[in-house]
Structures are given as structure tokens and as C-alpha cells.
Amino acid sequence: MALIVQKFGGTSVGTVERIEQVAEKVKKFRDGGDDIVVVVSAMSGETNRLIDLAKQISDQPVPRELDVMVSTGEQVTIALLAMALIKRGVPAVSYTGNQVRILTDSAHTKARILQIDAQRIQRDIKAGRVVVVAGFQGVDEKGNITTLGRGGSDTTGVALAAALKADECQIYTDVDGVYTTDPRVVAKAQRLDKITFEEMLEMASLGSKVLQIRAVEFAGKYSVPLRVLHSFQEGPGTLITLDEEESMEQPIISGIAFNRDEAKLTIRGVPDTPGVAFKILGPISAANVEVDMIVQNVAHDNTTDFTFTVHRNDYNNALQVLQSIANEMGAREVIGDTDIAKVSIVGVGMRSHAGVASRMFEALAKENINIQMISTSEIKVSVVIEEKYLELAVRALHTAFELDAPAAGNTAE
């Protein structure tokens, strides 16, 4: 008998019919002898509907009141799912984040979980009940309702699994696991049976949207085994774990991530003096713009060209700041480019294999794809290229690192 925390997202509980299907799935696990705690999101589209309502009153709703409002979405779902379970003869009880006492800080709309009081849930589990908890929400020490921001229900699920010392946290979504890359771009992408937290963190931060970064970080920190599964299709999904299995067949690369939401800025002809990087990036950071990749080139005339990438949504803001910096520093010019994308290869196997980067560069060169910037870490290599070559690059790398699924009839015995 295992204790399993199951999290179902908005599309999984998007209609009453789907909530009934979730109840059937939960009942099946419980009938098999497992103890179950379920975390649910609001029904798909409901949070956006509530935010739109708030914006009809005010363009800038007060964050505290906005949290009070949007937290009601999950309250509807937990009650409906508890009703559906009880109808099936499964004892169930629903709780809001406040009732469980999911204690957070006071950063409304993006609060972080500080502590969970698991006693109430543990009593219910011992009494044979399935506990249904509202994701995405908590309460601060003053009793104010808070919400956890984008992907908050994933984080709730993982945090509850950690607090309850659950055997596994299952994240049910609209895909049947984590793939080597987006199957919509590479038809031969394969579902991974297992991936490490470290690899999943890199994949999530580099553009893979299967899991939210905060949830993966939380799971890694508290060693909570995570499994990504399809809400309405049977299958083993993908297990995310701490284990790095050493085997002869372990791939060098586990996956290829990509991000189209990139933009590049360059300030040219800046005096090459100590502190130049801070003089440029300090004001960019102060404008709340997050910088990703950085390249600095020093010329023979004691000037430097400084290039960095930002999220495309921050491009115009960063460009204005950079132009102001250029005027102050006497730089030659500022140029920008929004037609770029980032492609990354990720894998813990890189640690024990040399020549991974050169293999990547060779594969791109064969397709005549020019590399504009390069960034590396222990388990990833990222490059910036022209956006129009993105899908070609992903397919070429997928093949070069032998990630393509074998053709039908050619599978190994």
C-alpha cells in the first residue's frame, strides 16, 4: 500500500464529465489499496474568467482582493470532485488551502509556500478518506488568502507530497510523459521512461512546458519522486527522480529544448574599462528585465561589444534602457534582433562524454545554420540561432544524438 498525491490540471477537470472521469481514476487507485490525496486546479478557463471580471472593475486590481477572487475557482473543483467520489461510495473530504493550513509568505499573486500542517490530512487518511485539496492557494500568517502564481497547483501537489512523505507525486496532464523534444516539431520524438530532476529543471527552464520549474525545484529539494502521466490514457508516464543510473545504454543527451521567445541586444563601442558589465546590466536588472545569455567581445581599439538576450516581451523595455546607457557611456550604437531562438541539448551523460558540443556544432553546420551565441553548463549546451531555422535545427540535433524513435518493425529485441 502506497501513499500517492495526484494532481489534476485545469483541462483534466474542465467539465463535469471530466471530473467524473477523474473520480473514476481516483477510485481505481483507492480500490487497489493505495491512500490518495488529490490536488486540483480550477476548471480550465475559470481563472482567466475571474481575472477578466476583476479587470472590468480595475485595470490594476488590488493583489490581495484579486487573490481572494481567483482562489474561488479551485474551491468549486474540490467540492465537485469530492461529491463525485462520495457518489461512487468513496469517502472523501475537500479542503481549501486555508483549511489545510498551507502557510505562505505575503507576496500576493506569487506567494511561496513556507510550511504545511499535514495533521488534518493525516487524520483523514487514517480514517479511510480521500482528501481533495485546492491547488494554487494558501494563507499567510495574518490569515490573508494568497495564490502561488503560474503553475501553482503543481507546486501545491509536490509540497503536499513532501509534507506527507508520499511515495510518489503524480502530475496528470494532457501529455503522456516527458519527451525527448516536442513531438509536434519532431515526429520521431520518444517518451522518456525516466529523467533526473537536474535534467528536468534544465528542460523546464529552457522552454519545455510539461512541468513548472518551481514544482521541479521543490521535488528535487525534498526528494519527492515525480511522475508525469496523461489524464485519460493509460501508460507508465515519465518518472522524474534523483537517480542517475549508470549504464552502457544511458544516452548522452536526454532531450532537446527550445524557446522562440528570445530577443538579442548589442551595445557596440563601449569603453573597455573595469565595471563595464555592471554599468550595462545594472540598469537592465533595475528595470526588472531578466538577462539570459551574455557575450562580450573586446576590440583592438580598447572598446568592447556587449551582447545579451532577454525574453521577447522585455525587448522594448530593455532597448530603451540600453539606448539611455549608450548615450551616457558614449557607445557607438545599439542594435537589436527579435528574430532569434534558443536551442539546447540537455543530458547528465555529458559529464562522462567528451566532444558533445562539437557534435552539436557539426550537426548545425551540416544544415548551414549559423550559431550567434553559445552558453554551456555541466549538463547542457545552448545556442542562439535565427528563428527561421529553429525546427530544422531541432530535427537535425535529434537525429545527430540518436534520439529518433526506431521505425516501425525495426525495434530491437
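In what order do the six strands of the open sheet sit? They go β14-β15-β13-β16-β18-β17, and the pairing is antiparallel. Keep in mind that this is a predicted model. Here's a quick tour of that sheet and of helix α10, which packs on it.

**The sheet**
- β14 (291–298) and β17 (373–377) each have a single partner strand, so one side of each is left without a neighbour in the sheet.
- On average, neighbouring strands are turned by 25° against each other, if you ignore direction.
- Further in, β13 (residues 255–271) and β16 (residues 333–346) run antiparallel and are joined by 11 bridges.
- If you want a spot to look at there, find Lys 264, which stands opposite Asp 337 in β16.

**Helix α10 on the sheet**
- α10 covers residues 276–286 and touches β13, β14 and β15 (303–311).
- The direction of α10 makes about 25° with that of β15.

**The two sides of α10**
- Val 276, Ile 280, Leu 281 and Ile 284 are the buried residues of this helix.
- Those four sit on the same side of α10, because they cover an arc of only 90° around the axis.
- An α-helix has 3.6 residues a turn, so residues three or four places apart point the same way.
- The buried residues pack against β13, β14 and β15, and also against α11 (315–329).

**After the helix**
- Asn 288 follows α10, and its phi is positive, near 65°.

Conventions. Residues are numbered from 1 along each chain as its sequence is written. This is a predicted model: local features need pLDDT of at least 70, side-chain atom pairs count only at pLDDT 80 or more; totals for chains, interfaces and linings use all residues. Side-chain values use heavy atoms; hydrogens and water are left out. Two strands pair if DSSP finds at least two bridges between them. Axes are lines fitted to C-alpha atoms, for helices over the stretch in contact, and angles run from 0 to 180 degrees between N-to-C directions. Contact means heavy atoms within 4.5 Å. Buried means under 20% relative accessible area, exposed over 50%, partly exposed in between (1.4 Å probe, protein chains only). The arc is that of the directions from the helix axis to the C-beta atoms.
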